[in-house]
Amino acid sequence: MLKTVKQALFSTGLELPKWTTLGNEGAEYETRQYEPTKWVSTNLLSMKDWDSAVGTGFMRLFNYIQGNNDKKVKIDMTAPVTTYVNPGAGPACESTITVSFYVPPEHQKDPPKPTDDNVFIEERAQVTVYVRSFTGFTNAAKNQEQLLQLSEILKRDGKSFDENAYYTAGYDSPFKLFKRHNEVWLVAKE
């Protein structure tokens, strides 16, 4: 029941992917296992401009849910909007930033195919993530601060996780000014 209440509070009524809470380590972080799901995604390359890449990616995906797909159907907005950041090999290399919208349940089996060549349907396997939540508006610097804190806490707790790539998750419209909910996710290693 607590999970259902928490999921409802995050989304302000938007559909969310299903997860199970495996452990709640108080205010520091939560361990979640997400079920296999489909997401509509787009990749962008960026040296350091996460904010601009997310804006560009969001608009590509927004156009998809507004009917820029093979069925010309509008699809409900969902939450969260995730970004998966896979850093380049060196300090002067581009990172791959994958911006994604969760495909709502009524389209999970057969999502409309994107008509934009830069947009694709992604099938995510079941995954366990360590989640740190925070409020306010987010940006690349705030995400990095939260990721560093989460990483230090996980190392302190002896948790094993992917130290290279990470997710960010935003649950609110850009027009919501107060009580915003954001997260950073580190993928657990088995």
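Colleague: How many aromatic pairs does the structure hold?

Modeller: There are 8 aromatic pairs in the structure. Keep in mind that this is a predicted model.

Colleague: Take F58 and F62. Why is that pair stacked?

Modeller: The ring centres of F58 and F62 are 6.1 Å apart and the planes meet at 10°, so the pair counts as stacked; the angle limit for that is under 30 degrees.

Colleague: Where do F58 and F62 lie?

Modeller: Both are in helix 2, which covers residues 50–65. They are 4 residues apart, about one turn of the helix.

Colleague: Now Y84 and Y167. What is the geometry there?

Modeller: Y84 and Y167 make a tilted aromatic pair, with 4.8 Å from centre to centre and 50° between the planes.

Colleague: Which parts does that pair tie together?

Modeller: Y84 belongs to strand 4 (residues 81–86) and Y167 to strand 8 (residues 166–170), so the pair links parts that are 83 residues apart in sequence.

Colleague: Is Y167 buried or exposed?

Modeller: Y167 is buried, since its relative accessible area is 11% and the cut-off is under 20%. Y84 comes out at 26% relative accessibility, which means it counts as partly exposed.

Colleague: What else does Y84 touch?

Modeller: Leaving out residues up to four places away in sequence, Y84 touches T96, I97, T98, A165, Y166 and Y167. As for V99, its C-alpha atom is 6.6 Å from that of Y84, with the two residues 15 apart along the chain.

Colleague: Which residues form the aromatic cluster?

Modeller: W19, Y34, Y84, Y167 and W185 form one aromatic cluster. The tilted pair of Y84 and Y167 is therefore part of that cluster.

Colleague: Switching to charges. What lies over the face of W19?

Modeller: R32 does, at 4.1 Å from the ring centre. W19 is also one of the cluster members.

Colleague: And where does the charged end of R180 sit?

Modeller: The charged end of R180 is placed over the ring of F137, 4.1 Å from its centre.

Technical notes:
Residues numbered from 1 in each chain as written. Predicted model: local features only at pLDDT ≥ 70, side-chain atom pairs only at ≥ 80, totals over all residues. Heavy atoms only, no water. Phe/Tyr/Trp six-rings, centres within 6.5 Å; stacked < 30°, edge-to-face > 60°. Helix = DSSP H or I, 4+ residues; strand = E, 2+ residues; numbered from the N terminus. Buried < 20%, exposed > 50% of the residue type's maximum accessible area, 1.4 Å probe, protein only. Lys NZ or Arg CZ within 6 Å of the ring centre and 35° of its normal. Contact = heavy atoms within 4.5 Å.
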